[in-house]
Structures are given as structure tokens and as C-alpha cells.
Amino acid sequence: MKVGILGAMDEEIMLLLEHYKDYESICFGGNTFYKIKQNGIIIASSRIGKVFSALSASIMILHFGCEGIIFTGVAGGVNPKYKIGDLVLGVELAQHDVDITAFGHPFGFLSGGKVFTKTDEKLNSIAKEVAKNEGFRMYEGIIATGDQFIHNSERKEWIKHTFKADAIEMEGASVAVVCDNLQIPFCILRAISDNASDEALVSYEEFLEEAARKSTRLVIKMLEKMGL
Ligand code: ADE
């Protein structure tokens, strides 16, 4: 399978490139895509937010021919069980900032779409196996995505209540919509960097480097398991 790795953090992309060493850089659609010589995988930054990440995922699939997408990055924890540094594997993804309730639809719904998009079971089982082998605590949960960095308890509680969300981030659901519509298996892995409340920004900045190292290791081991 030709796999695309989308990382939300530049730090993580750099660690992956340091690991694989031999690659070609290709500029396309306002972003740089790295083709790894050893195994043909494509690595890129998703860039921040739903539109940029949907564009990056679409380019990986339609321009570079990726047949599976692994997305990694950080998320704000909503489920009180989640501690900073825990991993969450998105089982379903929803867009928390979509609102056409004026037309009688539920929050998160857009015509022609669905509120929740499911990730791929096979890729998820590889991620779970690797996390177990590496001794990383990984939860499976609902991830809510929106074009907002959440650092406010009221908004966090609303998202938790409305979508039964366990974690919040800014790219997963848009990548999910692209992959689901193009019938490309995908998984969304996140390391918890903050609790999406008042001190979220400080915690996020402190934790980025550790999260990047953890998710890079997970991705490399997943690719090895897939024979890449
Ligand atoms: N990614 C990491 N933490 C986040 C937060 N609190 N809100 C949105 N995206 C995030």
C-alpha cells in the first residue's frame, strides 16, 4: 500500500525525515511533500485547520496516489480520564463548528455528509498493537474537529456534551471527510497536549516536542508492521 503520512506538527515531519534520510522534496499546492526513497511513502505537514488539511489529504490521494493515510498530531483532552501524553486513536470524527441547525439538522451535519465519520479498523488495529508493544497508553475515542483552538471550559463542555467527544483538534474530521468520500482507509492518532481549558496554550507549547517524538516512533513502527 502506498501510504501518506500527514503530521500536524513540523517537528514531527522533521523527525520522520531525519529517520528516513533519503527523500525527494516536491512543492505542490502551496505545501511541500516528501517522497521517501526507501519505501515510497509520502510525508507532509497537514497545515493547520480543516481547509488546509483537507487540501493536503486530497493532494496526497489524487496527485501522489496514496492508498492509505495516517494522520498524527496533538489534541486537547476532553475526557477527564485522559492525561497529558496519553494517545487517542479516533474511532469517529465530527466537525464541532458546523451549524445548520436553523434548517432542522443536528450540529455537525452538512447536506450530503454525516455527523460522524468512522476510521479504518485495520489501520486502527495496527496502531493499537504498536502502542501496546511500545508501552504507550492509547485510548479509543470520539474526536471533534473545528477551526478553533479551544482554551475555554464552557466551549469544551459544550463540544463534549454535543458530540460525546473525548478529544478536540483542528484537522481530523476534514481529513476523514476527504478519505471517506474517496474511499481511502485512514487513521487519526493524537497525543494529548492540554486539557482545552484556560491553561491550554501553555501546556500545548510545553508538550509539543515530547508529542512529536512519541507519534514519530508510533508511525515508524506502524509502517514497519505494514512491511514499509
Ligand atoms: N490541538 C491541541 N490542543 C488543542 C485544543 N485545545 N484545541 C484545538 N486543537 C488542539
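Is A196 buried or exposed in this chain? With a relative accessibility of 1%, A196 counts as buried, where buried means under 20% relative accessible area, exposed over 50% and partly exposed in between, using a 1.4 Å probe and protein chains only. This is a predicted model, in which local features need pLDDT of at least 70, side-chain atom pairs count only at pLDDT 80 or more, and totals for chains, interfaces and linings use all residues. Residues are numbered from 1 along each chain as its sequence is written, and side-chain values use heavy atoms, with hydrogens and water left out.

**Overall fold**

- The chain holds six helices and ten strands; helices (H or I, at least four residues) and strands (E, at least two) are DSSP runs numbered from the N terminus.
- The radius of gyration is 16 Å, close to the 17 Å from the globule rule for 228 residues, so the chain is as compact as a globular protein of that length.
- That radius is taken over C-alpha atoms, and the globule rule is 2.2 Å times the number of residues to the power 0.38.
- Along the principal axes, the C-alpha atoms fill a box of roughly 50 × 35 × 30 Å.
- Of the 228 residues in the chain, 54% are buried.
- Among contacts with a separation of 6 or more, 75% are between residues 24 or more positions apart; contact means heavy atoms within 4.5 Å.

**Annotated domain**

- An unreviewed UniProt entry carries the annotation "domain: Nucleoside phosphorylase" for residues 2-223.
- UniProt positions are given in the numbering used here, feature names are shortened, and annotations may be inferred rather than shown by experiment.

**Largest pocket**

- The largest pocket holds about 370 Å³ of space.
- On a 1 Å grid over the protein atoms alone, a cavity is a set of points where a 1.4 Å probe fits but cannot get out, whereas a pocket is an open set with protein on both sides within 12 Å along at least five of seven lines; lining residues have an atom within 4 Å of a point.
- Grid points are joined across faces, edges and corners, and a volume is the space filled by probe spheres set on the points.
- The lining of the largest pocket comprises 23 residues, and I48, V74, M170, E171 and Y204 lie nearest its centre.
- At least two lining residues come from each of α1 (10-20), β5 (68-77), β9 (167-169), β10 (186-194) and α6 (200-225).
- Twelve residues of this lining are nonpolar, four polar and seven charged.
- Ala, Val, Leu, Ile, Met, Phe, Trp, Tyr, Cys and Pro count as nonpolar, Asp, Glu, Lys and Arg as charged, and the others, Gly among them, as polar.

**Second largest pocket**

- About 200 Å³ of space lies in the second largest pocket.
- This pocket is lined by 16 residues, with Q95, G113, K114, T117 and V177 closest to its centre.
- β6 (87-95) and α5 (172-181) each supply at least two residues of the lining, and α5 gives the most, with four.
- The classes in this second lining are seven nonpolar, seven polar and two charged residues.

**Buried positions and their contacts**

- S193 is in strand β10 and is buried, at 0% relative accessibility.
- Beyond its neighbours within four places in sequence, S193 is in contact with V74, A75, I84, S203, Y204 and F207.
- G4 is part of strand β1 (residues 3-7) and is also buried, at 0% relative accessibility.
- Leaving aside neighbours within four places in sequence, the contacts of G4 are I42, M60, C66, G68, I69 and I70.
- G4 and E171 are 167 residues apart in sequence, with 15 Å between their C-alpha atoms.
- D166 sits in the loop between α4 (153-163) and β9 and is buried, with a relative accessible area of 14%.
- Outside the four places on either side in sequence, D166 is in contact with G76, G77, V78, N79, Y82, G141 and I142.
- The C-alpha atoms of D166 and I142 are 5.3 Å apart, although 24 residues separate the two along the chain.

**Backbone with positive phi**

- Most residues other than glycine have a negative phi.
- R47, which is not a glycine, has a positive phi of about 70°.
- R47 lies in the loop between β4 (42-45) and α2 (50-62) and is partly exposed, with a relative accessible area of 23%.
- A196, also a residue other than glycine, has a positive phi near 60° and is placed in the loop between β10 and α6.
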